[in-house]
Structures are given as structure tokens and as C-alpha cells.
Amino acid sequence: MSDKSGRSGSKASDSSSVSELPMADLSIFSGSFDGGVFSSNLPLFNFMGVGNQNSLYSPQPFVKSTDPCRLTALKQSTPKKSSLNLTPADFGLADFSVGNESFADFSANNSSFVGNFQSNVRSTRLLPAWAVDGSGNIREDLSLHDVVRNGSLIDFAMDRTGVKFLENHYPTDPEDEMHRLLFDKLTEQNTVFTSLCRSAAGNFIIQKFVEFASIEEQDRLVVSMSENGLIGMCMDKFACRVVQLAIQKFDESTATKLVQALSNMDFLPLCTDQCAIHVLQKVVKLMPINAWSFFVKFLCRDDNLMTVCQDKYGCRLVQQTIDKLSDNPKLECFNTRLQLLHGLMTSVARNCFRLSSNEFANYVVQYVIKSSGVVEMYRDTIIEKCLLRNLLSMSQDKYASHVVEGAFLFAPPQLLSEMMDEIFDGYVKDQETNRDALDILLFHQYGNYVIQQMISICISALLGKEERKMLPSEMRLYAKWFDRIKNRVNRHALRLERFSSGKKIIESLQKLSVPMTMVDEPMPLWAVPTPLMDSTAQFVNRQMFQNRSIFDE
């Protein structure tokens with residue numbers, strides 16, 4: 001009741017404060033609104049406070065106010081003229097002055113571009129007035145020659161509508177005079193090039209340059225990227241697209257120069273950045289192994305491996321690297337990849353316990369365990385050297401328990417048998433509670449999932465769902481494991497039924513009672529009546545099944 005009254009009081013106080021403001025007449029919203037310019041008798045709204053309305057009004061939409069944000073109507077009045085000294089930083093172009101060129105030097109040669117900063121701006125558009133028609137769209141008769149002749153090339157490149165015009169009219173032939181002119185104008189100055197790469201609109205025209213660049217132009221672009229902060233470009237959400245496309249489209253030798261430039265820089269931040277990670281993934285996917293072998297050697301150092309694997313972006317990169325190194329053993333470079341893979345897997349196995357217990361790094365260990373082919377030997381090493389003798393503690397960890405589940409599912413028969421024996425008989429009972437490992441995991445919030453996986457493995461084998469053909473001796477071993485789990489569950493059935501996880505364990509045991517074969521089909525070898533089948537039949541609730549089961553007496 002108190003909460004309701006509190007909400008009512010808050011609502012009333014809000015309404016009272018609003019009532020003190022002048023009301024806007026909305027009946028005059030019948031005119032047209034064109035590109036941010038009021039073309040009728042619309043009221044001007046103040047988003048910046050309730051002070052002196054005349055002083056707050058300004059034709060500049062980027063002027064900020066420290067007053068609390070509130071929507072009120074302004075009366076039409078003649079604004080006071082004030083000189084505004086705006087800089088690129090006021091327009092979100094904080095990176096505009098980089099390299100050796102200052103903004104003052106740049107503005108001397110690009111008066112039209114700077115003029116738009118100082119003039120009245122239509123919404124967020126930077127296009128000059130002569131380039132648009134009455135409705136605010138680019139004139140249909142406008143050509144690239146008009147844009148270049150009027151010195152508005154950068155204006156168009158920085159505008160989201162103007163850059164589309166440049167893309168559509170950009171000559172793709174490197175021998176074309178206009179192609180070379182546009183390329184030179186927008187790449188010859190470092191400040192311009194960097195700003196376009198990092199611009200939400202400008203990066204598209206640079207991508208166009210990258211896609212249709214000649215070999216000479218590709219080399220110039222690589223030099224420009226390297227000299228203007230390649231790491232910063234990779235970590236920028238717009239500029240990283242330019243770098244990715246360069247790796248994809250450039251000649252292999254030219255793209256290799258770009259990748260080698262990365263190898264000489266501080267590489268670790270790239271492996272954990274949400275934008276730069278896409279650049280590195282593109283390198284691993286498209287470039288030959290000799291171009292990025294330095295990255296694998298970088299990961300082979302334990303500190304670097306832990307830092308990258310523990311990052312939500314870096315762990316994906318490590319998994320892709322493992323996949324690429326173990327892919328297609330028929331290629332000539334497979335021996336080189338195998339050597340690099342061995343170094344990386346040695347580092348993963350050495351740090352397996354720490355990796356398995358981490359929120360993101362555990363996915364790397366799971367990936368190795370679930371992989372096939374040449375990685376299987378490293379899977380067996382991880383299970384034998386890291387997981388065995390640590391199954392109980394790892395099964396009780398939130399993240400490592402996922403690794404243990406995967407190990408049970410993908411382990412070869414010999415290692416699976418050792419893991420099962422460790423859970424059943426590998427630990428001394430607790431002297432105070434008289435509980436063994438199986439009892440502990442049955443009631444543990446994470447360990448119970450490991451028990452469910454063990455049950456699922458046994459049932460799949462006994463139902464004949466395994467892909468490989470099993471010998472009768474193997475079937476008896478699975479039946480033994482299933483029987484031991486079932487007997488323990490029956491002993492604690494009343495307690496297990498109190499928990500949702502316990503109910504799932506009981507339900508999973510009942511799956512073995514589903515009818516297996518048709519009447520006229522031969523009975524599987526493992527289904528021949530044994531003492532295990534008799535004990536299983538006692539566990540089955542016969543009222544749930546109307547059809548005859550092979551477990552019925």
C-alpha cells in the first residue's frame with residue numbers, strides 16, 4: 001500500500017511541475033517539415049531549458065545548454081546574432097586533427113568544408129546549398145565534376161547522402177582521370193584520410209577506393225594506414241571495415257605487408273577488442289599461414305594465452321585459430337600448421353585447469369575436446385593429464401563442469417572407463433557424512449549435470465544408438481555403470497524428488513524402459529534377459545506403457 005501511495009505522489013509531483021510551463025499550441029502542425037528546416041509557422045521547441053527563450057534560441061542545432069532538458073514551446077522571435085567558433089570536435093570529429101597537419105592548415109585548403117561548420121546546418125547534413133534542391137535532396141543534374149570544381153568533395157564524403165552519390169558515380173577503372181582525381185584528393189592528406197576512415201559515412205568511399213584500387217594505389221593505402229595509427233583504425237567501429245576489406249581485396253603480397261605492420265605493434269589489445277577481433281578473424285581466415293604465424297607464437301606464451309582466452313571476443317579467435325591450423329591435412333603447408341598447432345595445444349594443455357574454470361576460456365577447452373581429426377590426440381592428452389584425478393572438483397565448478405560433460409561424451413572407450421571408475425570408486429568417502437563422489441554430485445547444483453551426462457551415455461549405448469558397433473563385453477560394462485547409478489538413485493529417490501535436478505535424473509533413468517523393437521524383429525544381443533533386466537523391470541512403472549516392452553517378463 002505504501003508503494004502504491006509513493007508512486008501516486010511521484011506522479012502528482014511530476015504533473016504539477018509540468019503545469020507551470022507554458023502550453024504549446026499543437027493545432028498549427030499542419031505545414032511541411034523539410035530536412036530539419038521549418039518551412040511553415042511551426043513553433044520552435046526548446047530542448048535546453050526554460051530560461052530566457054530569446055537567448056536560448058539559435059539557428060545552430062549543435063549548441064549545448066547546461067539547463068535541465070525539458071520540452072517547451074518557443075515564441076517566434078528574431079534571434080540574437082552571435083559568432084560561433086565551432087571546431088570539428090563539436091561535430092563528433094575528435095580525430096580530425098591527427099598526424100602532422102593541424103585543422104588550421106587543413107581549413108586553408110578546404111574553405112567549403114570549414115564553411116559548412118560555421119554556417120547554418122540542415123539537420124545533420126553537411127552538403128552545400130547549391131548541391132540540393134528545394135526538398136533537400138541532391139540535384140539530379142549534379143555531376144562529380146561539379147562537386148570537385150566547387151571544392152565540396154570532402155563535404156559529400158562526410159555526409160551520409162553525399163557519400164552515396166560519390167559511391168554511385170565513382171569510376172571503377174583505375175585508368176580513368178576522375179578515378180585518380182578522387183583517390184588523390186581524399187587520400188593525399190593524412191588528416192582527411194583518417195577522418196574519412198573513422199566517419200560513419202566517409203568510410204564507405206574509402207572502402208570503394210580499396211575495392212577498385214590498382215596495385216600502386218593499394219601500396220599507397222597500406223602506407224597511409226600504417227602511418228596513421230593502424231591499431232587505432234582496427235579498434236574503430238568504422239575504420240575496421242576498411243582494414244577488413246583491404247585484407248580481403250588486396251593482392252596477397254600487399255595484404256601481407258598490412259598484416260606484417262600489425263605484427264610490429266602492441267598486439268594484445270587487438271585480441272580483446274570487439275572491433276579489432278573481426279580484423280584478426282579475417283586474417284586467420286583468408287591469409288596464408290606464413291603471414292600470421294607470429295600470432296600463433298604470440299598465443300603460445302602462457303600469459304598471452306590466458307589473457308586472450310579469458311576475453312569473450314578473444315576466446316572465439318583462439319577457437320578459429322585451432323580450427324584453421326587443423327584444417328585440410330592434404331595441403332602442402334600442413335606440416336607448418338601442425339608444428340604451430342602442437343605449440344598452441346601444448347600451452348592449452350599446460351593451462352587447462354585454469355582455462356576450464358573461466359567463464360569464457362572454458363569454451364576453448366570444450367572446443368578441443370569436441371574436435372575430431374588431428375586434434376583428437378590433444379583431446380586425449382587433456383583428459384588424461386588434466387581432467388583425470390580432478391573430476392570431482394571440476395564437476396562442482398560452474399564452468400569446468402561443462403568441460404567434464406564434454407569429456408564424458410567424446411572420450412575414447414579406454415579413457416571413458418577410467419573416468420567412470422574415478423567417479424564410482426576413485427575417492428575416499430567423507431568421514432563425517434559417509435558420502436562418496438557419486439552422492440556428492442547427485443545433489444550438487446552443477447555436479448548433477450555430470451551425472452545426467454553419464455546416464456545419457458549409458459542409455460545411448462544400451463539402446464544401440466551409438467555410431468560404432470559395440471562388443472558384448474562393452475555392453476555389459478555400460479550395463480554395470482547404469483546399474484550402479486540406478487541403485488544409488490533408488491536409495492536417495494525421496495530426497496532427489498525434492499529438487500528439479502533430481503526429478504530429471506529419475507526421469508532420465510526411465511528412458512531405458514521405452515519399447516525397443518517390433519515384435520517380429522530380432523531382439524538385440526544386449527536385451528537378452530539378465531539379472532540387470534530383472535532389476536530394471538522392478539524400477540519401471542508399468543502403468544505408463546500399454547504396449548508390450550522387451551523388459552516385461
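**Entry 1: K282**

I looked up K282 and found it in helix α16. The model I am reading is a predicted one. I then asked which residues K282 contacts, leaving aside its neighbours within four places in sequence. The list is Q244, I247, Q248 and M287. I checked the spacing of K282 and Q244 as well: they are 38 residues apart in sequence, and their C-alpha atoms are 6.5 Å apart in space.

**Entry 2: helix α16**

I went on to the helix that holds K282. Helix α16 runs over residues 276-286. Which of its residues are buried? I noted A276, I277, V279, L280, V283 and V284.

**Entry 3: α17 against α19**

Two packed helices are described by the angle between their axes and the distance between the axes, and I recorded both. Helix α17 (residues 289-299) and helix α19 (residues 314-325) pack at about 125°, with their axes 12 Å apart. Are they parallel or oblique to each other? Angles over 145 degrees count as roughly antiparallel and those from 65 to 115 as roughly perpendicular; α17 and α19 are therefore oblique to each other. I noted the crossing of α17 and α19 as left-handed. On the α17 side the contact is made by I289, W292, F295, V296 and L299. On the α19 side I listed L317, V318, T321, K324 and L325. Sorted by class, the contact of α17 with α19 has eight nonpolar residues, one polar and one charged.

**Entry 4: α29 against α31**

I looked up a further helix pair. Helix α29 covers residues 472-491 and helix α31 covers residues 500-509. Their packing angle is about 135°, and their axes are 11 Å apart. That angle makes α29 oblique to α31. The crossing of α29 and α31 is left-handed. Which residues meet here? I found F482, K486 and V489 in α29 meeting I505, I506 and L509 in α31. The contact of α29 with α31 divides into five nonpolar residues, no polar ones and one charged.

How values were computed. Residues are numbered from 1 along each chain as its sequence is written. This is a predicted model: local features need pLDDT of at least 70, side-chain atom pairs count only at pLDDT 80 or more; totals for chains, interfaces and linings use all residues. Side-chain values use heavy atoms; hydrogens and water are left out. Axes are lines fitted to C-alpha atoms, for helices over the stretch in contact, and angles run from 0 to 180 degrees between N-to-C directions. Helices (H or I, at least four residues) and strands (E, at least two) are DSSP runs, numbered from the N terminus. Angles under 35 degrees count as roughly parallel, over 145 as roughly antiparallel, 65 to 115 as roughly perpendicular and the rest as oblique. A crossing is left-handed if the near helix is turned anticlockwise from the far one by less than a right angle, and right-handed if clockwise. Contact means heavy atoms within 4.5 Å. Ala, Val, Leu, Ile, Met, Phe, Trp, Tyr, Cys and Pro count as nonpolar, Asp, Glu, Lys and Arg as charged, and the others, Gly among them, as polar. Buried means under 20% relative accessible area, exposed over 50%, partly exposed in between (1.4 Å probe, protein chains only).
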